[in-house]
Amino acid sequence: MVVNAAGPWSGQLNRLAEVGGDFTIGLRPLRQEVHHVAGTQVTRVARRLPGLRVPNKPHGVAGVYDVTDDRTPVYARTDLDGFYVAIGTSGNQFKNAPLVGRLTTTLIHGVEGGHDHDRSGLMHTCEHTGQTIDLGTFSRRRRPASFTGTVL
């Protein structure tokens, strides 16, 4: 079994494995910059309080994420036997990594056990809450959901 969880390089890895042609959801790397100014000062506050200094150069960090068209991750099998994906996480799924591992485990055990996940999404039962998650929501063949243009 191989699980592509290569972040911003996941699309390239899919191309190397020659998978993804049947995806109905797009995937791409996205560079995100986060800027900050010293303390919690912002231009609006500086206009009201002229004594505050606003730096003439932004400071910050930049990261590269993999995003899908609707900012919902793809946890799915591919058309290559034994090749699965956990991609398109928009960088916001890092804290969910343990759950993503469990979802992927449910997916792999189900598909390898003969379940046709493309026809009928597998259900994952969360061990602590007992709640169920329909893994079909994260299908590579889903219709892109409406979204706000953000990870919210």
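Modeller: Leu122 is in contact (heavy atoms within 4.5 Å) with Thr106, Leu107, Gly110, Val111, His115, His117, Ile133, Asp134, Leu135 and Gly136, leaving aside residues up to four places away in sequence. The model is a predicted one, in which local features need pLDDT of at least 70 and side-chain atom pairs count only at pLDDT 80 or more, while totals for chains, interfaces and linings use all residues. Residues are numbered from 1 along each chain as its sequence is written, and side-chain values use heavy atoms, without hydrogens or water.

Leu122 belongs to the largest nonpolar core, which has 11 residues, the others being Tyr75, Tyr84, Ala86, Val100, Leu103, Leu107, Ile108, Val111, Leu135 and Phe138. Such a core is a set of buried Ala, Val, Leu, Ile, Met, Phe, Trp, Tyr and Cys residues joined through side-chain atoms within 4.5 Å; buried means under 20% relative accessible area, exposed over 50%, and partly exposed in between (1.4 Å probe, protein chains only). Strand E5 (83–87) and helix H3 are the elements that give two or more residues to this core, and H3 supplies the largest share, five residues. Helices (H or I, at least four residues) and strands (E, at least two) are DSSP runs, numbered from the N terminus. Another core, of eight residues, lies apart from this one and includes Val19, Phe23, Ile25 and Val74.

Within H3 (residues 97–112) is Val100, which is buried at a relative accessible area of 14%. Not counting residues up to four places away in sequence, Val100 touches Tyr75, Ala86 and Gln93. Tyr75 is 25 residues from Val100 along the chain, and their C-alpha atoms are separated by 8.1 Å.
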